[in-house]
Amino acid sequence: MTLLWIAITIGVYVISRKLSFKWASPFTNVVFLSTTILIVTLLLSGQSYDVYEPAKDVITILLGPATVALGLPLYRNLPTLLARARRALGAIVIGTLSTIVVAVLLGSVLKLTDHVLISLSVKSVTSPIALELARQLQGDAALAASVAVACGILGAMLGPFVLNTFGVTDPFTRGLALGTISHGIGTAQAATEHPLSGATGGAAMGLAAIFTSFLLPYLLPFLI
């Protein structure tokens, strides 16, 4: 059964990728579309997530090599990244701060508990770091990881549309925005657009996670 679900997952990914190239739309984003199709398949087959989980665990092993592989476009585009490093660092810091402040303030307006606000504050960093930060700051680790994944998917879906709407076409800038706001999922989306976008997204994702880890413990007390 595990091998069958692995095969189904790979097949769904291939189909979603082809549909994404044929009909470019926020709703044909590969991650969103693949996830939706898999959920519908589980529901229609009457299978629970517990049946699918072993297949998920096997596929998750590939996340490590996939993350390391992001170093290749970084290496190939290193001169460009270094030439624009100062502005990029400033943009990443501003982007990181704004995502934290907006999330916490909006949650405060909605009268969410401090426990939830802490979990929301880490929404734009990659899931493993979001989970650990939430634990250390007395938030809900499971909620933080879920929100981070949701933020990544929404950013990858809507980010290109927003950037296109405002006429942002520079691959460096697009990768910077997607990597800062939508971590790994946004970086994967950026990599499909242009090699430089993928490289910039990978660098932005890592640096945003570092900045958030250092800034959040000192910033959060002023916001909550």
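Let's start with accessibility: buried means under 20% relative accessible area, exposed means over 50%, and partly exposed is in between (1.4 Å probe, protein chains only). We're working on a predicted model, where local features need pLDDT of at least 70, side-chain atom pairs count only at pLDDT 80 or more, and totals for chains, interfaces and linings use all residues. Residues are numbered from 1 along each chain as its sequence is written, and side-chain values use heavy atoms, with hydrogens and water left out.

**Exercise 1.** Find out how many salt bridges the structure holds.

*Solution.* Start with the rule: a side-chain nitrogen of Lys or Arg has to sit within 4 Å of a carboxyl oxygen of Asp or Glu. The count comes to four.

**Exercise 2.** Take the pair Asp57 and Lys56 and work out the N to O distance.

*Solution.* Step one: the salt bridge between these side chains has N to O at 2.9 Å.

**Exercise 3.** Say where Glu132 and Arg135 lie in helix H9.

*Solution.* First, their side chains form a salt bridge, 3.6 Å from N to O. Glu132 is partly exposed at 35%.

**Exercise 4.** Is Arg174 buried or exposed?

*Solution.* Arg174 pairs with Glu193 in a salt bridge, closest N and O atoms 2.8 Å apart. At 7% relative accessibility, Arg174 is buried, whereas Glu193, at 31%, is partly exposed.

Key. Helix = DSSP H or I, 4+ residues; strand = E, 2+ residues; numbered from the N terminus.
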